[in-house]
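Please keep the sequence and the model in view while reading.

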Amino acid sequence: MAKGYWVSAYRTISDPEKLAAYNKLAGPAVQAGGGRTLARGGRVVAHDAGIAERTVLVEFDTFEQAVAAHESAAYQEALAALSDGVERDFRIIEGVD
């Protein structure tokens with residue numbers, strides 16, 4: 001079964017306090033959903049039309065697990081705390097076998 005991944009690229013961070021509140025709730029929610037953070041906010045080199053921005057990569061054992069973790073009550077609470085504190089591009093993608 002193919003793994004699932006969350007990929008988040010943060011375009012702007014307008015409210016660092018909301019991001020901090022989100023991070024406090026999102027970490028435990030991701031772990032409870034079986035996710036493992038592989039990259040978070042480290043160095044980025046952008047090519048082509050890319051933008052060097054904060055990027056987060058989270059791995060799950062399956063695509064379905066990644067979707068379920070996003071839909072969980074715990075992660076939805078984290079999203080409510082984040083609210084309009086950032087503008088980000090968030091995707092759930094399926095890995096290759």
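**Strands, core and charged network**

W6 stands opposite V58 in β3. The model in which this is seen is a predicted one. W6 itself lies in strand β1, and β1 is joined to β3 by six bridges, the two strands running antiparallel. Strand β3 also pairs with β2, again in the antiparallel sense, over four bridges.

Which residues have the most contacts inside the largest nonpolar core? They are W6, Y10, L19, Y22, V58, F60 and Y75, within a core of 16 residues. Several elements contribute to this core: β1, α1 (16–32), β3, α2 and α3 each supply at least two residues. Helix α1 gives the most, with five residues.

A pair of aromatic rings is described by the distance of the centres and the angle of the planes. The structure holds four aromatic pairs. One of them is formed by W6 and F60, a tilted pair with 5.1 Å from centre to centre and 45° between the planes. Because W6 lies in strand β1 and F60 in strand β3, this pair ties together parts that are 54 residues apart in sequence. Both W6 and F60 are buried. W6 also forms a tilted aromatic pair with Y75, at 4.7 Å centre to centre and with 55° between the planes. Here Y75 belongs to helix α3 (residues 73–82) and W6 to strand β1, so the pair ties together parts that are 69 residues apart in sequence. Y75 is buried, as is W6. Taken together, W6, Y22, F60, Y75 and F90 form one aromatic cluster.

Apart from its neighbours within four places in sequence, F60 is in contact with K3, G4, W6, V30, G33, G34, G35, R36, Q65, A66 and A69. Two of these residues, K3 and R36, return in the account of the charged side chains.

How many salt bridges does the structure contain? The count comes to seven. Among them is the one between E59 and K3, whose closest N and O atoms are 3.3 Å apart. This pair links distant parts of the chain, since E59 is in strand β3 (residues 55–60) and K3 is in the segment before β1 (4–13), 56 residues apart. Is E59 buried or exposed? E59 is buried, with a relative accessible area of 11%, whereas K3 is partly exposed, with a relative accessible area of 34%.

E59 has a further partner in R36, and the closest N and O atoms of that salt bridge are 3.2 Å apart. Again distant parts of the chain are linked: R36 is in strand β2 (residues 36–40) and E59 is in strand β3, 23 residues apart. R36 is partly exposed, with a relative accessible area of 31%.

R36 in turn forms a salt bridge with D61, and there the closest N and O atoms are 3.0 Å apart. D61 is in the loop between β3 and α2 (63–71), R36 is in strand β2, and the two are 25 residues apart. With a relative accessibility of 43%, D61 counts as partly exposed. Through salt bridges that share partners, K3, R36, E59 and D61 are joined into one network.

Another charged side chain is placed against an aromatic ring. R54 lies over the face of Y10, at 5.3 Å from the ring centre. R54 is also touched by N23, which touches P28 as well, when residues up to four places away in sequence are not counted. N23 is found in helix α1 and counts as partly exposed, at 34% relative accessibility. N23 and L79 are 56 residues apart in sequence, and their C-alpha atoms are 9.6 Å apart in space.

Definitions and conventions:
Residues are numbered from 1 along each chain as its sequence is written. This is a predicted model: local features need pLDDT of at least 70, side-chain atom pairs count only at pLDDT 80 or more; totals for chains, interfaces and linings use all residues. Side-chain values use heavy atoms; hydrogens and water are left out. A salt bridge is a side-chain nitrogen of Lys or Arg within 4 Å of a carboxyl oxygen of Asp or Glu. Buried means under 20% relative accessible area, exposed over 50%, partly exposed in between (1.4 Å probe, protein chains only). Rings of Phe, Tyr and Trp (its six-membered ring) pair if their centres lie within 6.5 Å; planes under 30 degrees apart count as stacked, over 60 as edge-to-face and the rest as tilted. A charge sits over a ring if NZ of Lys or CZ of Arg is within 6 Å of the ring centre and within 35 degrees of the ring normal. Two strands pair if DSSP finds at least two bridges between them. A nonpolar core is a set of buried Ala, Val, Leu, Ile, Met, Phe, Trp, Tyr and Cys residues joined through side-chain atoms within 4.5 Å. Contact means heavy atoms within 4.5 Å.
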